[in-house]
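Welcome, and thanks for opening the viewer. Let's walk through this structure together, one selection at a time.

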Amino acid sequence: MSERQKARALSESLDALLHRGGAGQTPEDEEIRALSELGQSLRDVSFRIRPAHQARIEGLLLQHQADLRQGTAGARRVVPPVRTAAPLTPRWFRPLMTAYAGLAFLIVCAFALLLGTDIDWQALLGRGPEVLSVTTAVPGVEPDGLPTTPRTAFLRDVQGAVFLQTEGGAWIPVRASQIVRAGQRVRTDTLSAASLVFCDGSLAHLGPGTEISVEYLGIYPDDGARIVELAQWSGESEHHVISGASVHARYWVQTPSGLGEARGTLFHVHVLTDALSRFTVDRGAVSVTNTGATVTLGAGQLTTVAANQAPGDPAFRITGEGLVTEVGETWAIAGSAFSIRDGTVLVDGPQVGDWVSVDGYLTPDGTQVADRVVLHRRAPANRFIVAGTVGALGEATWTVDGQRITVGEGVAAPAGLEVGDLLHVEGAIYPAGTLVAWAATPIEDAPGSAFRFTGVVQDVGKTGWSISGIPVQVDDRSPFGEGLGYGEVVEVRGLILDDGAWLARSVSAAREGPREFEFAGYLQEGEGLAVSGIALASRSWTEVDAGAEAGSEVRVDGQILADGTWVAAEVEPLGEGKHRSEFVGIAESVDPLIVSGIRFSSGSAGVAGGVQVGSVVKVKAWIAASGERIARQITPAAVARAGLGCVRIRAAVATARPGQIKLAGGPTVHLREGTSIVGEIAAGSTVEIEFCAS
């Protein structure tokens, strides 16, 4: 007799048992025996089940378990006791009937699993197809109505260029939420991100330049516990894992050099190279295994795993953001010393004076090691912006708004530019006050205001493009670079028209280096910073001029982070219109005012408090007919006012005493007078400690 025939015979015997009972045994005993035999038979049978049936059956099982629990609880509440001399039915009858109903449902599922036939589920159940709606306990994550089952996940929060690999191996762009099945891969490009949501609400957020394959999705047959197995090939991901009551719940992330397993927790996975990965825990615990060795990470800890090696000992993660004041084998960032090693990644070539973010760890001897340093903002000193009328055009020099500017290497006058046209020039202030242009853009004398930004092409149409989620109109006057399409990182320049439409005047491949933006619009009311519907992040060095009030028209510029976030550097009233001159440099003298070799007349502007010789200052000026530079506003640069920056350590508390905290597996932190303490600190709690340098 074949295995399939054995399973069918067992099922038929079970069915007969349910209707006739068993001789010499109580129904409860027969139920246990029959369930055990049926379960064993299903483990021994080899067959190919249709994926659609398997996913549907698993979903129905979960739904049935929930219905059964609710039905049983309801029966206890509403059925009154029978107060007759003799019971109308045996005491065991009602719970037994409930159990038998569940067994009958399992038999139907077993037949479908064994035979793999095309059962019409809608006709069988007398209702439409059942699905499990996604619910979640992850803060900030809301289900968006897409159905999923334990065998599927869905891709949401798509930002930038995101791709899904089909069964045939082709990569297709994803522009909206999308169902993802086991065996498929998801990839994000530069300035892009997306999230994978699973049946229990657990979530994997994919950062830029990340590729993840969904290896397996399912449930444990005995108790319906969630099983998620992922493989991460590149990039960085953040995982919010919902805690399950069952010990069988599983959430795995495999990298080329190690495996991380978590239950209820929040953790990060970063594939640094093909042979090096890093696991970091924010909350809960994660076990990391490679070459048969396992380490367990607690809150605030990380481990680095190399191919064919055991995971490194747990270390405390350090993150921060601040000013670079020293480079070499040891860098000074945000007032703290970081060791730079062979594996340290330096993004966009940060240098002294730049504002950066740093991510690293603390060694047992107390050394801070940087894994990655990312440039956020170039050193503010020695930069200028001049926007105004072109007075002269030469091969080596231009005159703009009365200001003589040297043409930098590789810079050319825009096509068709003539004397009398409006031009926007950016560049560097060289010794002795020489201005050298590194970019020049014509300003159209047309309704609206100029914009520029770097983004990812998401859609290309005849009359409009979508770039990093911003609709950009195009017309016959909008020149495009060659070969630009979905997923390309581009620099867009154009006009924001009076009706709010963004009209492109050029779309070209983006240059290497930090991504920046600049545009004008109306400052919106609310807690967050938003200008004409564009949400902006802010940092300690973000400068918002006093005259920039809700409802007023402002100009905003800033940096675009690797994940596509727009961070505002400055928000100022648009009162000056298209013409402006701005210089940021080192104050060499206050009276008279000389900034990076350029002499200004302070006029009625006065010198703001905090401007001292040697400090970084910003001067907004205009050029008089006589050629004199007249400052209309003089202030310390925003970065200078923000201090050197801050670094942070997150960890579990071993002991807490007045004036000090002993970190679990780490150093003792002394709390000096004036330290701000938020919340109650006690042994076992997780804390984030922030150190800031003035």
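This is a predicted model: local features need pLDDT of at least 70, side-chain atom pairs count only at pLDDT 80 or more; totals for chains, interfaces and linings use all residues.

A nonpolar core, as the term is used here, is a set of buried Ala, Val, Leu, Ile, Met, Phe, Trp, Tyr and Cys residues joined through side-chain atoms within 4.5 Å.

Start with the whole chain as a cartoon. Of the 694 residues, 46% count as buried. Among contacts with a separation of 6 or more, 59% join residues 24 or more positions apart.

Next, select Phe453, Val492, Phe519, Leu536 and Trp566. These residues have the most contacts inside the largest nonpolar core, which has 34 residues. Zoom in on Trp566 and show its surroundings: leaving aside residues up to four places away in sequence, Trp566 touches several residues, including Phe453, Phe519, Leu536, Ile470 and Gln559. Then move to Val162, Leu164, Val214 and Leu297, which belong to a second, separate core of 30 residues.

For the last stop, select Thr363, in the loop between strand E22 (355-362) and strand E23 (368-377). Is Thr363 buried or exposed? Thr363 counts as buried because its relative accessibility is 14%, and the cut-off for buried is under 20%. Show side chains here: that of Thr363 makes a polar contact with the side chain of Asp365 (2.3 Å). Beyond residues up to four places away in sequence, Thr363 touches Arg341 and Val369.

Methods: Residues are numbered from 1 along each chain as its sequence is written. Side-chain values use heavy atoms; hydrogens and water are left out. Helices (H or I, at least four residues) and strands (E, at least two) are DSSP runs, numbered from the N terminus. Buried means under 20% relative accessible area, exposed over 50%, partly exposed in between (1.4 Å probe, protein chains only). A polar contact is a pair of N or O atoms within 3.5 Å; within protein, one must be able to donate a hydrogen and the other to accept it, and residues adjacent in sequence count only if both atoms are side-chain atoms. Contact means heavy atoms within 4.5 Å.
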